[in-house]
Amino acid sequence: MRADAQRNAEKLRAAASELFQERGLQVPLKEIARRAGVSHGTLYNLFGTREALIDEVVTDLAAERLDAIAQRALAFEDAWDGFAFYIENICELQANDPAVADVVGGRYPGAERLMTVCGRTLATVERIVDRARQAGTLRPDFTSEDLVLILGANAHLARAAAESAPDAWRRAVAFQLDGLRTEAARRPLPVGPLTPQQVYEVSGSLNREP
């Protein structure tokens, strides 16, 4: 890559990182090019697609933040405390970090490196959930697929209340966690858990822009 192209690529990475973290991964590419001080065509010539740009500037950041929360959750001696810590901190990321919020929602499956991070995160979530179920503190009918519903609802609430009630999500998550304790499971759930295909479809719908 020529020196001028390298400089433009660095400008685009910096601008994309700033805008993605400010507004999420759906920010128009033209705005990224404008902030970087290059043409829209230069962005496409250097990166080709939004997904390629996302992989360049978001994947490592998302991996660092998601892995840190997961490992701290698994380090709790009390499995329920670890489970609750994970839910609360992922929901906080959704409220305060638009880029990682979109990563949690799996909104860009074409970003291959990012999807690898998401797959690793899902495997860790299953460990966190299974650990709390085996300890007898998480209701036995809760599955890792049910987490899609919690995070999808939280993403919508966090966006809707960002200006008027930025901490409203904390109250909602507290209610949900109380309902997930074993002692709260007093009657069978009306329907079964989501299938993998339903998870894919529901996740896409819940994380679509209103």
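This is a predicted model: local features need pLDDT of at least 70, side-chain atom pairs count only at pLDDT 80 or more; totals for chains, interfaces and linings use all residues.

H5 covers residues 59-75 and H8 covers residues 112-134. I read an angle of about 10 degrees between the two, with the axes 10 Å apart.

On the H5 side I have Thr59, Asp60, Ala62, Ala63, Leu66, Asp67, Ala70, Ala73 and Leu74. On the H8 side I have Arg113, Leu114, Val117, Arg120, Thr121, Thr124, Arg127, Ile128 and Arg131. I sorted the residues of this contact by type and got nine nonpolar, three polar and six charged.

I then turned to the whole chain. Which elements does the protein chain have? I find 11 helices and zero strands. Read from the N terminus, the order of elements is α-α-α-α-α-α-α-α-α-α-α.

For the dimensions, I note that the C-alpha trace spans about 65 × 35 × 30 Å along its principal axes.

What share of the residues is buried? I get 41% of the 210 residues of the protein chain. For the accessible surface I have about 11,300 Å², and 51% of it belongs to carbon and sulfur atoms.

Last, I checked the contacts by sequence separation. Among contacts with a separation of 6 or more, 71% come from residues 24 or more positions apart.

Definitions and conventions
Residues are numbered from 1 along each chain as its sequence is written. Side-chain values use heavy atoms; hydrogens and water are left out. Axes are lines fitted to C-alpha atoms, for helices over the stretch in contact, and angles run from 0 to 180 degrees between N-to-C directions. Helices (H or I, at least four residues) and strands (E, at least two) are DSSP runs, numbered from the N terminus. Contact means heavy atoms within 4.5 Å. Ala, Val, Leu, Ile, Met, Phe, Trp, Tyr, Cys and Pro count as nonpolar, Asp, Glu, Lys and Arg as charged, and the others, Gly among them, as polar. Buried means under 20% relative accessible area, exposed over 50%, partly exposed in between (1.4 Å probe, protein chains only). Accessible areas come from the Shrake-Rupley method with a 1.4 Å probe; for residues, only the protein chains shown count as cover.
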